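Subject: Structure for you to look at

Hi there,

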Amino acid sequence: MNHPMTPKPPLGRNFHRLLLSSGLANLADGIGVVAWPWLASLITRDPLAIALVGVAQKLPWFLFALPSGVITDRLDRRRLVISMDLLRFVTLIALAAAMLIPGLLPEVPVQDFPADLLYGLLLLAALIVGFAEVLRDNSAVTLLPAIVPHARLETANGRMGSVETVMNMMIGPPLAGLMIGLALPLAFGLYGLAFAFAGLLVLSIPGTFRTIRPEPRPWVAEIREGARYLFARPLLRDLAIGLGALNAIDVMLLMGLVLYAQEVMGLNSAEYGLLLTGLAAGGVLGGLLGESIIGRFGASACLRATIAGCLLWALIVLFWPEPVLVWAALTLSAVTGMVWNIITVSLRQRMIPPHLLGRVNSVYRFFGLGTMPLGMLMAGASVSIAEAFIPRTQALAMPFALGAILSILLLIGIWNRVSPKALAALHVGEGAPPPP
């Protein structure tokens, strides 16, 4: 007897509010990808000073990732998201207003390390926005299972990922380039307003989103439990450390691209924003085709290919800095990066018990994302040191030369650790995509 197919429950109005909120927050983040380093480059041409702005924004992933996981489990996640969006709105609007003060933004950027007020405000604003981002992201990711029926989680996560990629990488960077061309404060004002509307959408979602904790426990004990689980499993540990190295290289290349695109490739702010859409195109393609790619080539080959894609990006910029070729390299790198995420996120979801998932993920992200400030610092320092010995145009290429060398070393180091045999031991079969 044939039974009619059970209809799937709807995603619901609250999901679509969360989806739109996530889209606006990622639009803001996409604007920031261009706006932060571009403002820094208008204050100073010192590569280390420009890199320190990115360091300030990403340093909270190292300092705050572990405590943020505990905070997320203890407080109402919805209120945390709203509060962090409001904090970023106020910070960015204040920075935009500061730029309107006559004489605060220099007409010509200084060549040396800046010591003016606007640069100090820029560092402070980047640090505040960075701390808010860590807590907001950890809180927002836990809202979805409380809003969406569990039978529709795969569909909801797929839609969230697609919207986030398009807004963060495809729309945000070129929009920032256009806004900067019109007026720099306008770009930061729009940056802040996007967070304000994102927070208002989450505010419109009714309900309480605070977990019930059977027993209070010390913070350190909870963090230690998550770390113990991660380090007791060599593959998870190696993937976390490998992701940290990969992200350090990736942000070093992105930070190096800011001055390289202006002074070597001759791009303006709008053209630079368009160049970064390669990351968006690759992210969308990787999300749509990731399952098929993994099924065709296997998880092991795909993980290795992610590092090879980073190596190719560095070599293209180093030896063939044509915008079309660089755009293609960014696209390919983003495809492989998205496939890496599909494999590793699915692996963690399957391996880690639900009651440990948040804390283990926070430890994993501590190692995987906490290295980004180091990569940014390496980008600025490598150029500053090289300038003492070689012409500036050649010195600006140093992050890409260093990135290529580090990519080769990472590929050698992780090759056997993500072998088909190592993955098969954890039921990530070659030739088949990991379970969702």
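Below is what turned up, going from the whole chain to single residues.

Please keep in mind that this is a predicted model.

**The chain as a whole**

The chain has 436 residues, of which 52% count as buried. Its secondary structure comes to 18 helices and zero strands. Among contacts with a separation of 6 or more, 87% are between residues 24 or more positions apart.

**Helix 2 and helix 15**

Helix 2 and helix 15 pack with their axes 7 Å apart, at an angle of about 170°. Angles over 145 degrees count as roughly antiparallel, and helix 2 and helix 15 are therefore roughly antiparallel to each other. If you want to trace the contact, helix 2 brings Pro47, Leu48, Ala51, Leu52, Gly54, Val55, Lys58, Leu59 and Trp61. From helix 15 come Met372, Pro373, Met376, Leu377, Gly380, Ala381, Val383 and Ser384. By class, the residues of this contact between helix 2 and helix 15 are 13 nonpolar, three polar and one charged.

**The cavity**

Counting cavities of 30 Å³ or more gives one. The largest cavity holds about 80 Å³ of space. Which residues line the largest cavity? The lining is made of Pro47, Ile50, Met255, Gly256, Leu259, Ala379, Gly380, Val383 and Leu396. At least two residues of that lining come from each of helix 2 (47-63), helix 9 (234-263) and helix 15 (372-386). Seven of the lining residues are nonpolar and two are polar, with no charged ones.

Is Ile50 buried or exposed? Its relative accessible area is 2%, so Ile50 is buried, the cut-off for that being under 20%. Leaving out residues up to four places away in sequence, Ile50 touches Pro37, Ala40, Ser41, Thr44, Arg45, Met255 and Leu259. Ile50 and Gly256 are 206 residues apart along the chain, while their C-alpha atoms are separated by 9.7 Å.

**Helix 11 and helix 12**

For another kind of crossing, have a look at helix 11 (residues 277-297) and helix 12 (residues 299-319), which pack at an angle of about 115° with their axes 7 Å apart. Helix 11 and helix 12 are therefore roughly perpendicular to each other. Ile293, Ile294 and Phe297 of helix 11 meet Ala299, Ala301 and Cys302 of helix 12. That contact consists of six nonpolar residues, with no polar and no charged ones.

**Val81**

Val81 counts as buried because its relative accessibility is 1%. Setting aside neighbours within four places in sequence, Val81 is in contact with Arg136, Ser139, Ala140, Leu143 and Val202. Val81 and Leu143 are 62 residues apart in sequence, and the C-alpha to C-alpha distance between them is 9.4 Å.

Happy to talk it through once you have had a look.

Best wishes

Definitions and conventions: Residues numbered from 1 in each chain as written. Predicted model: local features only at pLDDT ≥ 70, side-chain atom pairs only at ≥ 80, totals over all residues. Heavy atoms only, no water. Axes fitted to C-alpha atoms, helices over the stretch in contact; angles between N-to-C directions. Helix = DSSP H or I, 4+ residues; strand = E, 2+ residues; numbered from the N terminus. Parallel < 35°, antiparallel > 145°, perpendicular 65-115°, else oblique. Contact = heavy atoms within 4.5 Å. Nonpolar A, V, L, I, M, F, W, Y, C, P; charged D, E, K, R; others polar. Buried < 20%, exposed > 50% of the residue type's maximum accessible area, 1.4 Å probe, protein only. 1 Å grid on protein atoms, 1.4 Å probe; cavity = no way out; pocket = protein on both sides within 12 Å on 5 of 7 lines; lining within 4 Å. Points joined across faces, edges and corners; volume = space filled by probe spheres on them.
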